[in-house]
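Colleague: Could we go through this model together? I would like to begin with the turn.

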Amino acid sequence: MLQSELWHKLGVTSREGSRIGIKLEKKGYIKRVKAFSNDRWTRRLVPLIKPMNIKPLLGVPCPSCVYDPVCGPKSEPHNRHCVLIEEWLLGGEG
Ligand code: SF4
């Protein structure tokens, strides 16, 4: 995305937008790459954070489990020996 496109979407001035871009680059979220567009030099904002692939998590039983609010590393006995998780991991119906 060109930085000018982002500024328009955010409704900020080019000066404010440029500062935002510099901050995002310093934090490692994007890389600002020099680009030529519409007869002028500008910056293209390239995301450095890749979208997470959640496909392996599809079907995990926890979000719909009644024990989810209390289940955790210190809880007993659900997450230490959870049949639903075992079935899901092994590819069963879960
Ligand atoms: S680990 Fe098992 S018991 Fe705990 S929330 Fe997930 S499905 Fe429910």
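**The hairpin and its surroundings**

Modeller: At 72% relative accessibility, D39 counts as exposed, because exposed means over 50% relative accessible area, with a 1.4 Å probe and protein chains only. This is a predicted model, in which local features need pLDDT of at least 70, side-chain atom pairs count only at pLDDT 80 or more, and totals for chains, interfaces and linings use all residues. Residues are numbered from 1 along each chain as its sequence is written, and side-chain values use heavy atoms, without hydrogens and water.

Colleague: Where does D39 lie?

Modeller: D39 is in the loop between β1 and β2; strands are DSSP runs of E with at least two residues, and helices are runs of H or I with at least four, numbered from the N terminus. D39 is not a glycine, yet its phi is positive, at about 65°.

Colleague: And what is the phi of N38?

Modeller: The phi of N38 is near 50°, again in a residue other than glycine. N38 is exposed as well, with a relative accessible area of 71%.

Colleague: How many bridges join β1 to β2?

Modeller: Eight bridges join these antiparallel strands, and two strands pair if DSSP finds at least two bridges between them. In β2, P47 is the bridge partner of I30. The two strands form a hairpin with two residues between them.

Colleague: Changing topic, where is K27 found?

Modeller: K27 is in the loop between α2 (14–26) and β1 (30–37).

Colleague: Why does K27 count as exposed?

Modeller: K27 counts as exposed because its relative accessibility is 60%.

Conventions
Buried < 20%, exposed > 50% of the residue type's maximum accessible area, 1.4 Å probe, protein only.
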